[in-house]
Amino acid sequence: RTGQEVVMKSANRDKAEGTLDKAKGKIKEAVGKITGDEEQEAEGNLDQAKGSAKKVKGDIKDTVNSARK
């Protein structure tokens, strides 16, 4: 595999993980609100932030990979 292929797969993985983390976070946040569990709600918000960061990381890798072409 070329270095570009590795970066591309890594970028796609980061984006997918970010999407999953955001979805998981939204569920935790909603359950926390419904049950009145502030800790779970906060954990959901943190998961959403982590997911957003992973997606940005994947976008940056894509941009760098495109610039190398």
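**Exercise 1.** Which side chains meet in a salt bridge of 2.9 Å, N to O?

*Solution.* The structure is a predicted model, in which local features need pLDDT of at least 70, side-chain atom pairs count only at pLDDT 80 or more, and totals for chains, interfaces and linings use all residues. Residues are numbered from 1 along each chain as its sequence is written, and side-chain values use heavy atoms, with hydrogens and water left out.

Step 1. A salt bridge requires a side-chain nitrogen of Lys or Arg within 4 Å of a carboxyl oxygen of Asp or Glu.

Step 2. Lys-54 and Asp-21 are the partners, at 2.9 Å. Lys-54 belongs to helix H2 and Asp-21 to helix H1 (residues 3-35), 33 residues apart; helices are DSSP runs (H or I, at least four residues), numbered from the N terminus.

**Exercise 2.** Describe the salt bridges of Lys-28 with Glu-43 and with Asp-47.

*Solution.* Step 1. The closest N and O atoms of Lys-28 and Glu-43 are 2.7 Å apart. This pair links helix H1 to helix H2 across 15 residues.

Step 1. For Lys-28 and Asp-47, the closest N and O atoms are 3.0 Å apart. Lys-28 lies in helix H1 and Asp-47 in helix H2, so this pair ties together parts 19 residues apart in sequence.

Step 2. Lys-28 is buried at 19%, Asp-47 is buried at 8%, and Glu-43 is partly exposed at 37%.

Terms used:
Helices (H or I, at least four residues) and strands (E, at least two) are DSSP runs, numbered from the N terminus. Buried means under 20% relative accessible area, exposed over 50%, partly exposed in between (1.4 Å probe, protein chains only).
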